[in-house]
There are 2 protein chains.
Amino acid sequence: MNTPAPRAARVTPISGFPEYLPAERIVEQYFLDVIRETFELHGYPSIETRAVEPVDRLLGKGGDADKEVYGVTRLAADEDEDAGEVEFGLHFDLTVPFARYVLENAGRLSFPFRRYQIQKVWRGERPQEGRYREFTQADIDVVDVGELSSHYEAEIPLVMAEIFAKLPIGRMTIQVNNRKIPEGFYRGIGIDDITGTLRIVDKLDKVGPEKVQGMLEEAGCTSEQAEQCLALAAIRTDDLGFVEQVRALGVEHPTLDEGLEALSRVIRTGMENAPGALVADLKIARGLDYYTGTVYETQLEGYESWGSFCSGGRYDALASDGRTTYPGVGISIGVSRLLGLLLGKGLLTASRSTPACVLVAVNDEEGRPESTRIATALRSRGVPCEVAPKPAKFGKQIRYAERRGIPYVWFPGAGEDGGDQVKDIRSGEQVDARPDVWQPPAEDLRPQILRREG
Amino acid sequence: MNTPAPRAARVTPISGFPEYLPAERIVEQYFLDVIRETFELHGYPSIETRAVEPVDRLLGKGGDADKEVYGVTRLAADEDEDAGEVEFGLHFDLTVPFARYVLENAGRLSFPFRRYQIQKVWRGERPQEGRYREFTQADIDVVDVGELSSHYEAEIPLVMAEIFAKLPIGRMTIQVNNRKIPEGFYRGIGIDDITGTLRIVDKLDKVGPEKVQGMLEEAGCTSEQAEQCLALAAIRTDDLGFVEQVRALGVEHPTLDEGLEALSRVIRTGMENAPGALVADLKIARGLDYYTGTVYETQLEGYESWGSFCSGGRYDALASDGRTTYPGVGISIGVSRLLGLLLGKGLLTASRSTPACVLVAVNDEEGRPESTRIATALRSRGVPCEVAPKPAKFGKQIRYAERRGIPYVWFPGAGEDGGDQVKDIRSGEQVDARPDVWQPPAEDLRPQILRREG
């Protein structure tokens, strides 16, 4: 705790590093609690990885990932032997650290290994609406040695669907595709550049079908091939109807068959266990080389322009140490992005700015021990409470509670028989109460998360 | 998530950045849950602050704090306009960010303002036993505008005592002193250099009374003054007896009277609400200028050489914006240090490495939907479970559960009437069960934290 008192200078926010007021943080905690509880109900244990990774691991196979990485150096390093290049950086997602953790601990983990991870990540991007430099992600992944059973690709989005059903938000739709469908389809119509074609089709939402048609033709497709690509990407069904619609396009390829079967398994499992939560959406590409099977994106109804709040997919090689390859499937909720939208637009609030359900009033400073005993009795039965800061007039003590949204004020010795009374300051109702038996209504025990229609 | 598959290189741990295996993390989560729940029962809301602060705020009033700070820079910064000196650093405690948060949000907070904060902090120190470069702290503070009522100094250690009583650890003793006692006492015997004297007396545990006597005399004390300082520092009582023992030394000073009265209030409140948890220990100094009243340190019985696991005190100026001063009192648990000791010495383990209480077996791949329905039914009633990865022989499925410590395996359709059965794989007992009514014993629902005598 070597903490000097801070000086007055510089108390402005840092762009891209959001912080919440206590009532907003209560909403965030509620979300994180629902997420954690659901992950654990599905048998995912938690891990946390250190905030830093070696820079060369973060930069991975190159590209312009380095634009996003924050380097970390000891300020005193230039004075001693640690001086030199930047060795460590803050992680920019939870997948790179997880892959490293799996390799590092492979001998001490049981496979197939599943885990959840809820942590902050950092990216040095230009901040903009819904994009932060420090933000929280909640990931689940399953990883196995050599081969991974395909049923995990169907199970993992169900965990997220369960979370979205529990949260006080609008309708979240998890859009699922399988990379083998476009791959097989493109090959079936004579297109060889799969990645290039996927990358163009991925722009559909941004630029529209006409531009994509033109871009595909520029890239060497015939106009008929381009039309077929667009026809495939337009298919979206919340049942198994997508199979027939693809078949109607008259394209044949064994990889296409594999993809259709795999996607059918995922959608069928979704229909059985979370009706309406998953749709087959054949334009979803996730634009990335390393996804090799199922891919997921998730939109919030009415806020499609915000993009995906929950994405992931299957990798054939989540990690590899050269001898052993670890295939995996994972999905990640962008918690800060989702809360940034919901809190930023005032769609959610907490009923109070403190966990305290009761303020125990203080009659005079000599009475504080009695008020403390009452608070201890309430807490021992799980009722969060605090004791008033000062033996002020009762009106002032009630206003202290009001300002924080605390619903009850407890008055020691206020009853006609000298017993205590408790007042619901919302209704004004005041009744006799004993600290060893009184219990608030269940909905008042914790702050409530209130949804406003936006 | 733009995540390239990691390469094989560099999967060694980074010194000072500990990571837990899943079973260890379950112990950590248990500790963090107890801490959070207790903070909330006492009416503390949570805040989280960003990981970074401006470097000039972290370095504060100088000294060699800069040795400890990790600077943060965008790796791409030298390619664009952000280039130059290191502007931000990772916070090294939670008090500096909290003080800044109070100043930044003063107009939007209600005072007296209390909060808890459980976050990672980073220090670029040389790692050693019980000292990390990345570690978790759990802090509570109460801060007010202009003046802070003294009763908070008595209440805040009670929150920590309640936490220690709930955790499966040995006896934690919170040692309390009040800076006004040595200050008044030193002035009363004619010593003027209060800070210098405190700093020497603070070495008592390290170097012993004889060396301290010598150092005090070197610093200008008479041998009688030095003896008096040592006599004061030797006083330690778990009741109000310390007052009489100080009085018996025959020193008079109004600041001493104030300090004795203030410490009596804290100890009396402790005796009433948490008997045995607090002791008056007049050698506690916390060696720091900015504590102005009560100070706390906490030792774990049998591990006194590890130093304090929970420390804090009262500041007259937690924060100040030049016009308004915010006095505060706070205390902080070094969660990682405590767990580093308990897990490192094998004193605590979790009963399993997963939250799953039940593994639902799979008879064959066609039976997976039925196993999934059973799992969904169990989860809907709060029973964490997972479905077996493969329809292997039952012995193999049981071993899958055993390796993770999952206590129950559910066999669909194994009963004589075609109903399900569940097996406690520890006892081997297998009974008929229905997924819509079966409930494990309460102690099996969550992983248990097991204490081994060390």
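How many of the residues of helix 3 (residues 95-105) of chain B are buried?

1. In this predicted model, helix 3 of chain B is mostly covered, with eleven of its eleven residues buried. The buried residues include Val96(B), Phe98(B), Tyr101(B) and Leu103(B), and also Arg100(B) and Glu104(B), whose burial may deserve a look in the structure above.

2. On the relation between the copies, chain A is superposed on chain B by a rotation of 180 degrees with 0.0 Å of shift along its axis, at an RMSD of 0.1 Å. The two copies are thus related as by a two-fold rotation axis. Of the residues of chain A, the one that comes closest to this axis is Val72(A), with its C-alpha at 2.4 Å.

3. On the extent of the interface, 129 residues of chain A are in contact with 129 residues of chain B, and the two chains bury about 10,800 Å² between them, of which 51% lies on carbon and sulfur atoms. Because 99% of the interface residues of chain A are also interface residues in chain B, the copies meet through the same surface.

4. On specific interactions, twelve salt bridges are counted between chain A and chain B, one of them joining the side chains of Asp33(A) and Arg36(B) at 2.8 Å, N to O. Between these chains there are also 42 residue pairs in polar contact, both residues being at pLDDT 80 or more.

5. Regarding the side of chain A that touches chain B, helix 3 (residues 95-105) of chain A supplies the largest share, eight residues. By class, that side has 59 nonpolar, 28 polar and 42 charged residues.

Key. Residues numbered from 1 in each chain as written. Chains lettered and ligands numbered in written order. Predicted model: local features only at pLDDT ≥ 70, side-chain atom pairs only at ≥ 80, totals over all residues. Heavy atoms only, no water. Least-squares fit on C-alpha atoms with pLDDT ≥ 70 in both. Contact = heavy atoms within 4.5 Å. Buried < 20%, exposed > 50% of the residue type's maximum accessible area, 1.4 Å probe, protein only. Helix = DSSP H or I, 4+ residues; strand = E, 2+ residues; numbered from the N terminus. Buried area = accessible area lost by both parts, 1.4 Å probe. Salt bridge = Lys/Arg side-chain N within 4 Å of Asp/Glu carboxyl O. Polar contact = N/O pair within 3.5 Å; in protein donor to acceptor, adjacent residues only side chain to side chain. Nonpolar A, V, L, I, M, F, W, Y, C, P; charged D, E, K, R; others polar.
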